[in-house]
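Good morning, everyone, and thank you for making time for this. Please have the sequence and the model open beside you, and follow along as I go from one region to the next.

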Amino acid sequence: MDIAREIEVFLAVAEELHFGRAAARLRLTPSRVSQVVRALERRIGAPLFERTSRTVRLTPLGQTLFEEVHPAFQQLEEALHRARRAAGRDQQGVLQVCFANSLREEVAEVLVRGFVETYPRIPLVRYAYPSVQHRLWCDQQRDDVFVSWFPDEPDALDLPRVQVGSVILREPRSVMVGAGHALAGHPVVNIEELADHDLLYPPPVTQRFADAWTPPVTPSGRSIHRVRRMTGSYMEEAATIVVQENIAHVTITRLPLALLRPGLVLVPLTGLPPFRLASLWSTFASGGWIREFAELAGRIGSRAGWLSTDGA
């Protein structure tokens, strides 16, 4: 087996500390990732990970290997990129990156700075976009990359004609309500409680996307009354509806201050998995640096501890 592939898989599992997420990032099956890791462990002669039914941890030997191999692997990737550019294989061009307007500025800034420092000769143009505009990338041939939120693992959401990069950040959920709403004074809300209230139906991306964002039923089987009020995918519109019509809305926990208006309350929501931040681009995109940005963004998020819902 190719030792370079074994190292690539090892590094992905070491960064994610989860075989399923590493598999999604590498476009492999979890069983294939496990096979490759076992092959590397046989090559070395000792375990690199401690595995339980709930957790994956690096062994002391695995941690040492990660610290020694990771910088060298990054240098190798960057050397290959430079060689491809010198051979005329890569487009120079301009990389256009749009960030969901519900993403905090400090996160976007770290991602932009990381790319500019790694690829200083590639101009990057950034702009903000409404948070749930995934359909534009499904339905149009676009050459930019969209960094936005997903309510589940992106590959499980039936999004057609797009590619999605590694998860960059995980964000706990909250329920947004007006100050006069019955849930506004709660320290925390469980998903089961939402069956007693009207919730905004999310913008139509795909049915699975909408159901993962705001499920039609609670885990115990109680129906959730989802109402269609939004005409677009703008967070500003959702905030207005929440305040004016006394309707609740499931959203991320840490919104930019610019989107918070008087009369809005965010209450932590339990019982649903965290949102995922990832890069999305059209399968028809011809931009030469989209994939590099997406891969680097995933590594930056992993190193920053953003894959834990306690991070960022």
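Predicted model: local features only at pLDDT ≥ 70, side-chain atom pairs only at ≥ 80, totals over all residues.

Arg161 sits in the loop that connects β5 and β6, where helices (H or I, at least four residues) and strands (E, at least two) are DSSP runs numbered from the N terminus. Residues are numbered from 1 along each chain as its sequence is written, and side-chain values use heavy atoms, with hydrogens and water left out.

Coming back to Arg161, its phi is near 60 degrees, which is a positive value in a residue other than glycine. Is this residue buried or exposed, or something in between? Arg161 is partly exposed, with a relative accessible area of 40%, given that buried means under 20% relative accessible area, exposed means over 50%, and partly exposed is in between, using a 1.4 Å probe and protein chains only.

Let us move on to β6 itself, which is mostly covered, since nine of its 10 residues are buried. β6 pairs with strand β13 (residues 275–282) in the antiparallel sense over seven bridges, and two strands are said to pair if DSSP finds at least two bridges between them. Within that pairing, Val167 stands opposite Ala278 in β13. As background, strands of a sheet pair through backbone hydrogen bonds, either parallel or antiparallel.

Which strands make up the open sheet, and in what order? There are five of them, in the order β4-β3-β5-β13-β6, and the pairing is mixed. The edge strands are β4 (124–129) and β6 (162–171), each of which pairs on one side only. On average, neighbouring strands of this sheet are turned by 25 degrees against each other, with direction ignored. Elsewhere in the sheet, strand β3 (residues 95–100) and strand β5 (residues 145–150) pair in the parallel sense over three bridges, and the bridge partner of Phe99 in β5 is Val147.

Another set of pairings involves strand β12 (residues 264–270), which pairs with strand β7 (residues 173–178) in the antiparallel sense over five bridges. There, Val177 has Val265 of β12 as its bridge partner. Strand β8 (residues 189–190) is joined to β12 by two bridges, and these strands run parallel, with Asn190 having Thr270 of β12 as its bridge partner.

Now for the helices. Two packed helices are described by the angle between their axes and the distance between the axes. Helix α5 (residues 105–118) and helix α9 (residues 290–304) pack at an angle of about 120 degrees, with their axes 10 Å apart; here axes are lines fitted to C-alpha atoms, for helices over the stretch in contact, and angles run from 0 to 180 degrees between N-to-C directions. That makes α5 oblique to α9, because angles under 35 degrees count as roughly parallel, over 145 as roughly antiparallel, 65 to 115 as roughly perpendicular, and the rest as oblique. The contact, meaning heavy atoms within 4.5 Å, is made by Val110, Leu111, Gly114, Phe115 and Thr118 of α5 and by Phe293, Leu296, Ala297 and Ile300 of α9.

Helix α1 (residues 3–16) and helix α2 (residues 19–26) pack at an angle of about 130 degrees, with their axes 8 Å apart, and α1 is therefore oblique to α2 as well. In the loop between these two helices, α1 and α2, we find Leu17, whose phi is near 50 degrees, a positive value in a residue other than glycine. Leu17 is partly exposed, with a relative accessible area of 37%.

Finally, please look at Ala212, which has its place in helix α7 (residues 207–213). Ala212 is buried, with a relative accessible area of 16%. Which residues does Ala212 touch, once its neighbours within four places in sequence are left aside? Ala212 is in contact with Pro151, Asp152, Leu157 and Arg173. By comparison, the C-alpha atoms of Ala212 and Arg113, which are 99 residues apart along the chain, are separated by 32 Å.
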